[in-house]
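Hi there,

Here is the structure I promised to pass on to you. Have it open while you read, and take your time with each part.

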Amino acid sequence: MTSDEVSHVGRAALWVGFIGMFFPTLYFAAEAFRAKASRRSYFYETLTAAITGIASVAYLTMATQQGYAGGEGEGHRQFFYARYIDWTLTTPLMLIDIACLAGASFDQQFLLVIADILMIVAGLIGANMNEGAKHEEYKWAFFALGMMFYMPIVHFLIFDLSGARGKSASLARSVGCWTLVLWSAYPLVWMIAEGTGTISCDTEAIVYTILDILAKSVFGFMIVSARDAIEEANARSSGDAPLMLPGDDRDDE
Ligand code: RET
């Protein structure tokens with residue numbers, strides 16, 4: 001592995017990433033305010049804005065040359081851990097977005113969030129193990145562990161979503177399919193970037209930027225623009241208020 005780091009090319013990609021996260025965030029936030037003003041639930045709009053909002057902070061951090069370890073002066077490949085802080089916070093939110101649309105139970109959401117956090121943290125620790133690090137040979141054990149924790153998520157996206165019915169569930173299915181394809185590219189990029197250093201830091205920055213914009217911003221537009229599906233999911237969640245006791249009278253309107 002070389003002691004490579006991003007050049008002006010990689011930095012430009014990181015700025016593109018910031019723009020590709022920040023402007024959609026403004027749009028999703030405006031949609032949340034619109035829903036609030038018309039006294040509708042603004043849960044999905046807020047959640048979606050939070051996902052790209054967190055990524056905007058991470059991209060601005062990386063574009064301004066912070067949130068990394070290594071690089072030419074350090075003698076090992078530059079590694080942006082800021083990315084992993086972003087992913088640890090945002091990928092569970094993305095799964096919650098899909099799971100709520102599909103009407104998944106709290107237990108199922110909890111399991112997905114736990115598996116997801118473990119997956120990202122395992123990838124983070126593995127990525128940080130460089131030549132010369134103690135027990136460097138365990139790098140791929142962390143990757144394998146990350147892959148193992150990815151499996152419940154794959155299972156959910158393929159099998160659990162396929163049974164769901166209704167407009168919001170069909171949105172969950174299409175967004176879930178998009179997510180499955182894109183998310184599966186991340187471990188492949190990890191192998192040739194943080195894993196083996198086969199691609200340069202510039203190429204890594206470009207590829208992750210493209211994947212992140214597709215997985216977060218396009219994902220967000222798919223959800224926020226599907227008004228009917230969001231209305232159906234909102235009506236369903238206000239219909240099963242968890243604190244209502246059986247036999248209680250309720251007036252939803
Ligand atoms: C790692 C390495 C360990 C094994 C697996 C990984 C998966 C990462 C994923 C990341 C998704 C990130 C997204 C970011 C959006 O901006 C940690 C690379 C399975 C799925 C969607």
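Predicted model: local features only at pLDDT ≥ 70, side-chain atom pairs only at ≥ 80, totals over all residues.

**The ligand and its surroundings**

The ligand has 16 residues around it, and the closest are W87, W183, Y186, D212 and K216. For K216, a side-chain N or O atom lies 2.3 Å from an oxygen atom of the ligand. For D212, the corresponding distance from a side-chain N or O atom to a ligand oxygen is 3.1 Å. On its own, the ligand would expose 540 Å², and the protein buries 100% of that area. The space that the ligand takes up is the largest cavity.

Which helices supply at least two residues each to the shell around the ligand? They are α3 (82-102), α4 (106-127), α5 (139-160), α6 (167-195) and α7 (201-224).

**Helix α1**

Now have a look at helix α1, which covers residues 8-37 and includes F23. Together with I19, F22 and L26, F23 makes a nonpolar surface patch of about 370 Å².

Further along, E31 and R34 sit in this helix too, 3 residues apart, or about one turn. Their side chains form a salt bridge, with 3.2 Å from N to O. Side chains of opposite charge can pair when their charged atoms come close. Across the whole structure, the search finds 8 salt bridges.

Enjoy exploring, and write back with any questions!

Best wishes

Technical notes:
Residues numbered from 1 in each chain as written. Heavy atoms only, no water. Patch = residues over 30% accessible without salt bridge, like charges linked within 9 Å, V, L, I, M, F, W, Y side chains within 5 Å. Areas by Shrake-Rupley, 256 points an atom, 1.4 Å probe, with all protein chains shown as cover. Salt bridge = Lys/Arg side-chain N within 4 Å of Asp/Glu carboxyl O. Helix = DSSP H or I, 4+ residues; strand = E, 2+ residues; numbered from the N terminus. Near = heavy atom within 4 Å. Polar contact = N/O pair within 3.5 Å; in protein donor to acceptor, adjacent residues only side chain to side chain. 1 Å grid on protein atoms, 1.4 Å probe; cavity = no way out; pocket = protein on both sides within 12 Å on 5 of 7 lines; lining within 4 Å. Sits in = over half its atoms within 2 Å of the grid points.
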